[in-house]
Amino acid sequence: MDRTVYMPKPVGTLEDPTTTLRDLMLSSDLTFLMEAHDGISSAIAAQAGFKGLWASGLSISSAIGYRDANEASWTDVVGVVERMADASGLPILVDGDTGFGNFNNARIVARKLKQRGASGICLEDKGFPKMNSFVGDRQPLADIDEFSGRLSAVRDTTGPDFVLVARTEALIADHSLDEALVRAHAYAKAGADAILIHSRKSVPDEILAFSKEWNNKLPVMIVPTKYYRTPVAEYRAAAISTVIWANHNMRAAISAMRQVCDRIIQEESIAGIEGEVATLDELFDLMNYGELAVAEDKYLPQAAHGHE
Ligand code: SPV
Ligand code: MG
């Protein structure tokens, strides 16, 4: 298959993807952002043809052995996002959780993410430390004015290009559609570029009702993890801007790694799974080792690079 191979690029040579995320978000067609959580999952998503990435808080924290409860620090997240940007060359919307504190923490995180190659940040209207939206029933919402201040601080700090997504957890916390709408209006006023409306229902009814009432005041983003059966035609019909496939690279990795570990421990051999795992050549191709060999020929003294 003829696939463009992305490679880690030196800082400063990346095309600026900021406009691209905004363009994707504002385009008339439905946009898909794929979850990634490190360099290699970002490169794989780019090769598959995704145009943008979701740097998932759940997946990034899981990948480094933490729970999605702000156990990973914001500097952990910034470091991972930098690797994701370099490895994929794609625009990245970063799950900034609640902003890691108050308005001041939120604006520092957003500024550092922008400096390190992110194209936007999504902030959710809860407090620090947060808990993953699908864990437990206690999801206390932030005060609307205080959270709006967090959004405005990010807006004022990152400038007009960096995409700012306000995520309301009103429906996750079992509040009404009206509460979600009141919050979305306040967040729009505070400077958000888009609203992410989250739901934990297995059908899309409440997000479609929100979208209808909201009437495209700002682009709407959704995370259909729980209502995964809904055909995307319904989102197109509802003029949803962006669908986030929020955790599927991580969940795929868990299944694959479990299967391989179980087989190797049972069989005390790697012979059985050889045909079922990526080849080393596939890995070298993914990381563009070919370019390194060409560069060695160009830059290393002939005697030193060992290719004779
Ligand atoms: C994430 O991917 O970390 C998200 C989406 O925020 S969810 O896990 O559904 O809260
Ligand atoms: Mg998250």
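Trainee: Which residues of helix 2 are buried?

Mentor: Gly39, Ser41, Ser42, Ala43, Ala45, Ala46 and Gln47. Keep in mind that the model is predicted.

Trainee: How many is that, out of how many in helix 2?

Mentor: 7 of 10, so the helix, residues 39-48, is mostly covered; buried here means under 20% relative accessible area.

Trainee: What covers those buried residues of helix 2?

Mentor: The cover includes strand 1 (31-36) and strand 2 (52-55). It also includes helix 4 (74-88), helix 10 (248-267) and helix 11 (280-286).

Trainee: Which residue caps the N-terminal end of helix 2?

Mentor: Asp38 does. One of its side-chain oxygens lies 3.4 Å from the backbone nitrogen of Ile40.

Trainee: And what comes just after helix 2?

Mentor: Gly49, with a positive phi of about 115°.

Trainee: Where else is phi positive, in a residue other than glycine?

Mentor: At Phe100, where phi is near 65°. Asp174 also has a positive phi, about 65°, and is not a glycine either.

Trainee: Why point those out?

Mentor: Because most residues other than glycine have a negative phi.

Trainee: Where is Phe100, then?

Mentor: In the loop between strand 3 (92-95) and helix 5 (103-115). Phe100 is buried, at 9% relative accessible area.

Trainee: And Asp174, buried or exposed?

Mentor: Exposed, because its relative accessible area is 55% and the cut-off is over 50%. Asp174 sits in the loop between strand 5 and helix 7.

Trainee: Which residues does the cis peptide bond join?

Mentor: Phe128 and Pro129, with omega about -5°. Pro129 is in the loop between strand 4 (120-124) and helix 6.

Trainee: New topic. Which residues are around ligand 1?

Mentor: Among them are Trp54, Ser56, Gly57, Leu58, Asp68 and Asp95. The list also includes Asn132, Ser133, Phe134, Arg167, His198 and Ala246.

Trainee: What are the polar distances to ligand 1?

Mentor: A polar side-chain atom of Trp54 lies 3.0 Å from a ligand oxygen. A polar backbone atom of Gly57 is 3.2 Å from an oxygen of ligand 1. For Asp95, an N or O atom in the side chain is 2.8 Å from a ligand oxygen.

Trainee: How much of ligand 1 does the protein bury?

Mentor: 100% of the 280 Å² that ligand 1 exposes when taken alone. The space ligand 1 takes is the largest cavity.

Trainee: Arg167 was on that list. Which side chain does the side chain of Glu169 make a polar contact with there?

Mentor: That of Arg167, at 2.8 Å. The side chains of Glu169 and Lys126 are also joined by a polar contact, of 2.9 Å.

Trainee: Is Glu169 buried or exposed?

Mentor: Buried, with a relative accessible area of 0%. Glu169 lies in the loop between strand 5 (163-168) and helix 7 (177-189).

Trainee: What is Glu169 in contact with, leaving aside neighbours within four places in sequence?

Mentor: Glu124, Asp125, Lys126, Ser133, Gln139, Leu141 and His198. Ser133 and His198 are also around ligand 1.

Trainee: Last one. Where is Ser148?

Mentor: In helix 6, residues 144-158. Ser148 counts as buried because its relative accessibility is 10%. Its side chain reaches the backbone oxygen of Ile144 at 2.8 Å.

Trainee: And what does Ser148 contact beyond four places in sequence?

Mentor: Ala186, Tyr187 and Ala190. Ser148 and Ala190 are 42 residues apart in sequence, yet 5.4 Å apart C-alpha to C-alpha.

Key: Residues are numbered from 1 along each chain as its sequence is written. Chains are lettered from A and ligands numbered from 1 in the order in which they are written. This is a predicted model: local features need pLDDT of at least 70, side-chain atom pairs count only at pLDDT 80 or more; totals for chains, interfaces and linings use all residues. Side-chain values use heavy atoms; hydrogens and water are left out. Helices (H or I, at least four residues) and strands (E, at least two) are DSSP runs, numbered from the N terminus. Buried means under 20% relative accessible area, exposed over 50%, partly exposed in between (1.4 Å probe, protein chains only). Contact means heavy atoms within 4.5 Å. A polar contact is a pair of N or O atoms within 3.5 Å; within protein, one must be able to donate a hydrogen and the other to accept it, and residues adjacent in sequence count only if both atoms are side-chain atoms. A residue is near a molecule or strand if one of its heavy atoms lies within 4 Å of it. Accessible areas come from the Shrake-Rupley method with a 1.4 Å probe; for residues, only the protein chains shown count as cover. On a 1 Å grid over the protein atoms alone, a cavity is a set of points where a 1.4 Å probe fits but cannot get out, and a pocket is an open set with protein on both sides within 12 Å along at least five of seven lines; lining residues have an atom within 4 Å of a point. A molecule sits in a cavity or pocket if more than half of its atoms lie within 2 Å of its grid points.
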